[in-house]
Amino acid sequence: MHVFQINVPSDLEGCELIVEKLDRKEFIDLLKRMLALDQEQRISPMDALSHPFITFSHLIDYAHSHR
């Protein structure tokens, strides 16, 4: 498992910061899975459409957020 740093704008705080980090984390995950060289590891188009970044399911607890 790779550890990576997620850079976010410095003007965010509290819930907005959490939402931005979660969103970027899921975006990075989707990109990595789409760009996998090994076909067996690569996400299928159908699975990509149900990925949390696309469905926003990772933000369900933050529905009141402005992002």
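Is R33 buried, partly exposed or exposed? With a relative accessible area of 35%, R33 is partly exposed; here buried means under 20% relative accessible area, exposed means over 50%, and partly exposed lies in between (1.4 Å probe, protein chains only). This is a predicted model, so local features need pLDDT of at least 70 and side-chain atom pairs count only at pLDDT 80 or more, while totals for chains, interfaces and linings use all residues. Residues are numbered from 1 along each chain as its sequence is written, and side-chain values use heavy atoms, with hydrogens and water left out.

**View 1. The whole chain, for getting your bearings.**
The protein chain has three helices and zero strands, and it reads α-α-α along the sequence. Helices (H or I, at least four residues) and strands (E, at least two) are DSSP runs, numbered from the N terminus. Of the 67 residues in the chain, 19% are buried. The accessible surface comes to about 5,500 Å², and carbon and sulfur atoms hold 58% of that; such areas come from the Shrake-Rupley method with a 1.4 Å probe, and for residues only the protein chains shown count as cover. Take the contacts (heavy atoms within 4.5 Å) with a separation of 6 or more: 48% of them are between residues 24 or more positions apart.

Helix α1 covers residues 14-34, 21 residues in total, and spans 31 Å from its first C-alpha to its last. That is close to the expected 30 Å, which is 1.5 Å times one less than the number of residues. Its buried residues are E16, V19, E20, E26 and L30. Looking down the axis of α1, these fall within an arc of 135°, so they line one face of the helix; the arc is taken from the directions from the helix axis to the C-beta atoms. Among the things covering them are α2 (45-49) and α3 (52-55).

How many salt bridges does the structure hold? There are two, where a salt bridge is a side-chain nitrogen of Lys or Arg within 4 Å of a carboxyl oxygen of Asp or Glu. One joins the side chains of E20 and R24, at 2.6 Å from N to O. Both residues sit in α1, four residues apart, or about one turn of the helix. E20 is buried, at 11% relative accessible area, whereas R24 is partly exposed at 30%. The other bridge links the side chains of D29 and R33, at 3.9 Å from N to O. D29 and R33 are four residues apart in α1, so about one helical turn separates them. D29 counts as partly exposed, at 29%.

**View 2. A nonpolar patch.**
F27, L31, M34 and L35 make a nonpolar surface patch of about 380 Å². Patches take residues with over 30% relative accessible area and no salt bridge, joining like charges within 9 Å and nonpolar side chains (Val, Leu, Ile, Met, Phe, Trp, Tyr) within 5 Å. L31, which lies in α1, is partly exposed at 33% relative accessibility.

D47 belongs to α2 and is partly exposed, at 42% relative accessibility. Next, find F56 in the segment after α3. Its phi is near 65°, a positive value in a residue other than glycine.
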